[in-house]
Amino acid sequence: MRRNVDGAWSRDTFIKNGGARVAHFFGAMRTDLFGNPLEIADHVESILKGVRESAKAEGHDRIYIHGEKETERREASLVEGVTLDEGEWKMLDEYAEKFALEKLS
């Protein structure tokens with residue numbers, strides 16, 4: 001029996017009962033060099049849709065695509081501000097003192 005050894009993306013990378021179907025990633029800035037840009041965008045979106053619709057880990061209701069958490073956190077920070085812990089405040093105070101700057105309040 002021949003075992004499938006083709007590369008796979010994301011959720012299909014690891015095979016039950018061990019083994020992996022590791023694939024490679026490459027980034028292209030000019031996708032038009034690889035074909036019709038709209039068809040490529042549709043294909044990539046179908047892959048992302050497949051990832052998003054995969055079975056979720058217990059206790060989770062969403063699968064994030066690379067960069068989504070950071071983008072959402074940035075958007076929230078621009079509205080709500082950024083929370084700094086005591087150590088970060090101390091570091092900023094030390095820099096202010098070192099460079100003769102006014103301390104933040």
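A contact here means heavy atoms within 4.5 Å. By that rule, I40 touches T31, F34 and G35, leaving aside residues up to four places away in sequence. The model is a predicted one: local features need pLDDT of at least 70, side-chain atom pairs count only at pLDDT 80 or more, and totals for chains, interfaces and linings use all residues. Numbering starts from 1 along each chain as its sequence is written, and side-chain values use heavy atoms, with hydrogens and water left out.

**Overall layout**

- The protein chain holds three helices and zero strands. Both are DSSP runs numbered from the N terminus: helices are H or I with at least four residues, strands are E with at least two.
- From the N terminus on, the order is α-α-α.
- The chain has 105 residues, and 10% of them count as buried. Buried means under 20% relative accessible area, exposed means over 50%, and partly exposed lies in between (1.4 Å probe, protein chains only).
- Among contacts with a separation of 6 or more, 12% join residues 24 or more positions apart.
- The accessible surface comes to about 9,800 Å², and carbon and sulfur atoms hold 55% of that. The areas come from the Shrake-Rupley method with a 1.4 Å probe; for residues, only the protein chains shown count as cover.

- Helix α1 has 16 residues. Its first and last C-alpha atoms are 22 Å apart, close to the 22 Å expected at 1.5 Å a residue. The expected span is 1.5 Å times one less than the number of residues.
- N36 caps the N-terminal end of α1. A side-chain oxygen of N36 lies 2.8 Å from the backbone nitrogen of L38.
- I40 sits in α1. I40 counts as partly exposed because its relative accessibility is 22%.
- S54 belongs to the loop between α1 and α2. S54 has 8% relative accessibility, so it counts as buried.
- A polar atom of the S54 side chain lies 2.8 Å from the backbone oxygen of G50. A polar contact is a pair of N or O atoms within 3.5 Å; within protein, one must be able to donate a hydrogen and the other to accept it, and residues adjacent in sequence count only if both atoms are side-chain atoms.

**Helix α2**

- Helix α2 covers residues 68-80, which makes 13 residues. It reaches 18 Å from first C-alpha to last, close to the expected 18 Å.
- E68, A76 and S77 are buried in α2. They lie on the same side of α2 because they cover an arc of only 160° around the axis. The arc is that of the directions from the helix axis to the C-beta atoms.
- Exposed residues E70, R74 and L78 sit on the face turned away from that buried side.
- The cover over the buried residues of α2 includes α1 (37-52).
- Just after α2, G81 takes a positive phi of about 90°.

**Helix α3 and the segment after it**

- Helix α3 runs over residues 86-98. Its 13 residues should span 18 Å at 1.5 Å a residue, and the end C-alpha atoms are 18 Å apart, so the two agree.
- At the start of α3, a side-chain oxygen of D85 comes within 3.0 Å of the backbone nitrogen of G87.
- A100 lies in the segment after α3. Its phi is near 55°, a positive value in a residue other than glycine.
- A100 counts as exposed because its relative accessibility is 71%.
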